[in-house]
Amino acid sequence: MEDDPDANALLERAGFDPEKSVLTRRQAEVLALRERDVRQSTIADLLGTSRANVSSIESSARDNVAKARETVAFAEALTAPVRVEVDEETDLYNVPKLVYDACDAAGVKVNHTAPDLMKLVSDEAGSAVKGREIRAPLLVGVTTDGTVRVRQSK
């Protein structure tokens with residue numbers, strides 16, 4: 001932790017631009033300081049507010065970051081040149097072949113081995129995968145740079 005944390009300097013070094021961010025400046029300040037292990041009570045003193053307010057700002061900021069990540073994943077899945085629909089009741093072990101075949105047809109290289117791809121699909125699909133069974137339809141998108149995005153379909 002820095003002895004005298006300067007939120008403005010941290011934001012400047014990180015390239016924070018409030019016009020392009022989903023975070024308010026105050027949210028960015030709080031996150032920047034918290035990521036450097038500055039206590040909420042210390043941040044409250046630095047910003048002239050209460051620790052409870054800092055906690056609320058931090059919670060809202062983390063929610064906004066999660067929503068921004070979800071939005072990016074959604075947009076990437078929509079625009080991915082490879083989109084594989086995986087039906088309910090599909091065996092997870094069959095997913096890599098489906099993805100690799102679609103990527104081969106599109107000329108896109110996947111950045112994952114079959115075991116890594118199965119783990120990624122299982123992790124990102126959440127409750128839609130139980131053991132080896134796909135329990136809800138999935139959309140697996142692969143971007144031009146080989147990034148894999150997994151979405152639950154409705």
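Predicted model: local features only at pLDDT ≥ 70, side-chain atom pairs only at ≥ 80, totals over all residues.
Figure 1. Leaving out residues up to four places away in sequence, Thr90 touches Val95, Arg132, Glu133 and Ile134.

**Figure 2. Glu89, an exposed residue in the loop between S1 and H5.** Glu89 is also placed in the loop between S1 and H5. With a relative accessible area of 66%, Glu89 is exposed. Its phi is positive, at about 75°, although Glu89 is not a glycine.

**Figure 3. Asp37, in the loop between H2 and H3.** Asp37 sits in the loop that joins helix H2 (25–34) to H3. Here too the residue is not a glycine, yet phi is positive, at about 60°. The relative accessibility of Asp37 is 60%, so Asp37 counts as exposed.

**Figure 4. Helix H2 and what covers it.** How many of the 10 residues of H2 are buried? The count is 7, so H2 is largely enclosed by the rest of the structure. The buried residues in H2 are Gln27, Ala28, Glu29, Val30, Leu31, Ala32 and Leu33. Among the elements that cover them are helix H1 (7–14), H3 and H4.

**Figure 5. The packing of H3 against H4.** Helix H3 spans residues 40–47 and helix H4 spans residues 51–79. The two helices pack with their axes 8 Å apart and at an angle of about 105°. That angle makes H3 roughly perpendicular to H4, since angles of 65 to 115 degrees count as roughly perpendicular. On the H3 side, the residues that meet H4 are Gln40, Ser41, Ile43 and Ala44. On the H4 side, they are Arg51, Val54, Ser55 and Glu58. Sorted by class, this contact between H3 and H4 has 3 nonpolar, 3 polar and 2 charged residues.

Figure 6. An unreviewed UniProt entry lists residues 22–65 as "domain: RNA polymerase sigma-70 region". In the model, this stretch is 75% helix and 0% strand. The C-alpha atoms at the ends of residues 22–65 are 8 Å apart.

Figure 7. The UniProt annotation "domain: DNA binding protein Tfx C-terminal", from an unreviewed entry, covers residues 68–150. Over residues 68–150 the chain is 43% helix and 20% strand. The end C-alpha atoms of this stretch are 16 Å apart.

**Figure 8. The largest nonpolar core.** In soluble globular proteins, nonpolar side chains tend to be buried together. The largest nonpolar core of this model has 23 residues. Which of its residues touch the most other members? They are Val99, Val121, Leu138, Val140, Val148 and Val150. At least two residues of this core come from each of strand S1 (82–86), helix H5 (95–106), helix H6 (114–125), strand S4 (138–142) and strand S5 (148–152). The element that gives the most is H6, with 5 residues. A second, separate core has 17 residues, including Val30, Leu33, Val38 and Ala61.

**Figure 9. Val99 and its contacts.** Val99 is one of the residues that touch the most other members of the largest nonpolar core. Setting aside residues up to four places away in sequence, Val99 touches Val84, Val110, Leu117, Val140 and Val142.

**Figure 10. Ala114, a partly exposed residue in H6.** Ala114 is part of helix H6. At 27% relative accessibility, Ala114 counts as partly exposed. Beyond its neighbours within four places in sequence, Ala114 is in contact with Pro96 and Tyr100. Lys97 is 17 residues from Ala114 along the chain, and the C-alpha atoms of the two are separated by 8.1 Å.

**Figure 11. Thr143, in the loop between S4 and S5.** Thr143 lies in the loop between S4 and S5. Is this residue buried or exposed? Thr143 counts as buried, because its relative accessibility is 11%. Not counting residues up to four places away in sequence, Thr143 touches Glu76, Ala80, Pro81 and Val108.

Methods. Residues numbered from 1 in each chain as written. Heavy atoms only, no water. Core = buried A, V, L, I, M, F, W, Y, C linked by side-chain atoms within 4.5 Å. Buried < 20%, exposed > 50% of the residue type's maximum accessible area, 1.4 Å probe, protein only. Helix = DSSP H or I, 4+ residues; strand = E, 2+ residues; numbered from the N terminus. Contact = heavy atoms within 4.5 Å. UniProt positions renumbered as here; feature names shortened; annotations may be inferred. Axes fitted to C-alpha atoms, helices over the stretch in contact; angles between N-to-C directions. Parallel < 35°, antiparallel > 145°, perpendicular 65-115°, else oblique. Nonpolar A, V, L, I, M, F, W, Y, C, P; charged D, E, K, R; others polar.
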